[in-house]
Each structure stands twice: as C-alpha cells, then as structure tokens.
Amino acid sequence: MSAVGSGSVDGPPLWLLAELSYACPLQCAYCSNPIDFARRREELTTAQWLQVLRDARALGAAQLGFSGGEPLVRRDLETLIRAARDLGYYTNLITSGVGMNEARVEALRAAGLDHVQLSVQASTRALNDALAGAPVFDHKLAMARAVKANGFPLVLCFVLHRANLEQVGEMLDLATALEADYVELANVQYHGWALVNRAQLLPTREQLRRAEDAVAAFRRTHGDRPKVFYVVPDYFEGRPKACMNGWGRVFLAIAPDGTALPCQGASMLPGLAFPNVRDHAFDWIWRDSPAFNRFRGEHWMAEPCRTCPERTTDFGGCRCQAYLLTGNAANADPACALSPYHHVVQAAAMERSDATLMRNPKNSHGLSGAGNQRG
C-alpha cells in the first residue's frame, strides 16, 4: 500500500521508457511530444541516465525503450545501450532512422542493442516525405535493410490517419518486401500535436473499414509473416484502451529532464507534481509519490467506472484523454460509450479540416493534397 493510502502497487515498473531528447529532425503533425517541447531544453547527462538505468533495474524494470524525440541525436546512445546490456535489460530503439547510417547500425549491434522499431510515414516517397516534413523515405528504407542485415528483429511502425489510411495494403506490402518481423499499424491517439491537428488527422469510418479489410486480407494471405498489430482508434471503437496497462502498474517513463511519468503525456495534467529522478529515490517515486498514486487502483473512479465490470480490464481508460476532452482527469474516458462525455468524442469524429500545424510551429501546411500524391 502506498504511503499516501490512495492506491496499491502490484509490482515493479517492468517497462521503462527513456525519452532521451525531445529534439527531432522530422515535423510529424501527430507527434506525441509536449506542445511546448521547444521550451524544454534541459536533458539528463550521461552519468544521470546511467544512474536511472541502474536504479530502475534494481527496482525490477526488465524492458527498456530508448525514445524521444529522436534518440539518435544523443551521442552517448551507444554508451547507454552498453550499460543497459550489462545490467540485463532487453533494449529497444524507437527511431525515425534519421541520424543513422550503416556504421552506426553496426555500432548499435556491437553495443548490445536487442531490437529496432523504425517509423515510416507512408508507403510512397511523396506522401512519406510530405508527412515527415523532410526527404527521408529512401533513407528509411536503406536503414530498414541495414537493420535486417545486422541481425536485428525489425519492427516497422506506421502511424495511421486520414492522409495515409488508404495505403494500408501498400504499407503491408512494403513491410513484406523489407522482411519486417512485425508491423504496427497504429491509428493516431489524439494527444499532443495530434490533438492540435485532430480535425485534419481523423479518418472517416469508411476509411477505417477499408483499412480493416486490407489487414484481414493480408493476414489471410500471409499469416504471421510479418506479424501485424492493428491498433483501432478509440474515438471510433466505443471502448477505452487500457492506457499503459493502467496508471502506475507496469510502465514508467523518464522525460529528457528526468521527470518521472506514468505515461509520456501525463505532465500536462494540472494539480500533479511529478517527481524528478534527480531529486527523489526511484523506489519512492514508484511506490509512494502522490502523483503516481493519484489514479492507481480504483479509489479515484466515479460512476460509471466505479461499478463497471470492465474496470479491471481497461482501468478506466486514459486520464490524459479525459482531461483534454472534459477538463477533469478523473472523469470517465470520453472514448467509452458509457461515459457521460462520450458525445464529445462523437462530435469530434465528425470534424474535418485541411489546415495542419506541423511539429515545428514555424511550419504550417495543408496536407489534404498530400494524400493524393500516391503512385
């Protein structure tokens, strides 16, 4: 039981996400980094990150993701990977591939990296580069091949939205050609920049139906080679997702400045003072800090969540989404059809716009035409 008596801790933070930097060379309109990321320049030093890895491992963390922004901008990435390997972590690099070359792929393998997840914005050069805000498509394909040549399992991640959803079949064909082991087709979750650009990014129900049909057809033909994970957008599903498998249950993120978070987006929530690894012991952060206990367990739930039979499965859904759409993080996730705020999601699903604000605030573009640049 936590020191503040507000929630129970079932076990250690099995999954540690190290967000090494918010810096990134791309301009993705659905970026999940904080809207004010440009003002958050402070980053942990190499020595501080090494201490984070040691402390989290001592607490029980087993799987480690290096993310950002773009983690490749950190020159000490190989040092951190080597230390993580020595500590016994299973390590995953979550990257755009920009900042990588064949020599660095080899260096990552030599350092002991286990796994690479490479993001690709679309199946064609024109659309990919329009969505990324940079001419990177050919480089991404080259890096995917280099990853496979060095013996890594390759995960290709395509973030789906209105501008690229019609390409799902072609994305799966591309993944097959690149010999990907896994493909994640992740419909945009509307936080951060994606919420700012929601009216531009939200697909139609007909688009989603066609995409689901394309995935089903691919599975019938190819089986599990590659294995496809299709993440349905909860704006259209009627059920909330078990965000991070429940607040403070198995997942711990460390922001570039050392702030510890139960999910990457939680820093936006008002009234919560999230602890920093430079100021507090890891055990206290995970088990006893008020912020990590605020939405742990079921004590915070109101109806209809409090008596819902799904509460031990979806854990009440996403606290960030509840705050963003209702103004109160303790409200029932509006994505749930039983939520008294579900009408907010239903209304949003009807919105459409062609004006997109890219991750770099200096770049505003309309991407409605980009979806036609196929072939």
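Leaving aside its neighbours within four places in sequence, with which residues is Ile254 in contact? In this predicted model, local features need pLDDT of at least 70 and side-chain atom pairs count only at pLDDT 80 or more, while totals for chains, interfaces and linings use all residues. Residues are numbered from 1 along each chain as its sequence is written, and side-chain values use heavy atoms, with hydrogens and water left out.

Contact denotes heavy atoms within 4.5 Å. With neighbours within four places set aside, Ile254 is in contact with Leu16, Leu17, Ala18, Glu19, Leu44, Trp49, Val52, Thr259, Ala260, Val277 and Phe282. Ile254 is also among the residues with the most contacts inside the largest nonpolar core, which has 83 residues. A nonpolar core is a set of buried Ala, Val, Leu, Ile, Met, Phe, Trp, Tyr and Cys residues joined through side-chain atoms within 4.5 Å, buried meaning under 20% relative accessible area (1.4 Å probe, protein chains only). A second, separate core of 22 residues includes Leu269 and Met301.

Strands (E, at least two residues) and helices (H or I, at least four) are DSSP runs numbered from the N terminus. Strands pair if DSSP finds at least two bridges between them. The parallel strands β5 and β6 are joined by 6 bridges, and Leu156 stands opposite Val183 in β6. Parallel strands β6 and β7 are joined by 5 bridges, with Tyr230 in β7 as the bridge partner of Leu185.

In helix α6 (residues 168-177), the buried residues are Val168, Met171, Leu172, Leu174 and Ala175. These residues lie on the same side of α6 because they cover an arc of only 160 degrees around the axis, taken from the directions from the helix axis to the C-beta atoms. Their cover includes α5, β5, β6, α9 and β7.

Methods. Buried < 20%, exposed > 50% of the residue type's maximum accessible area, 1.4 Å probe, protein only.
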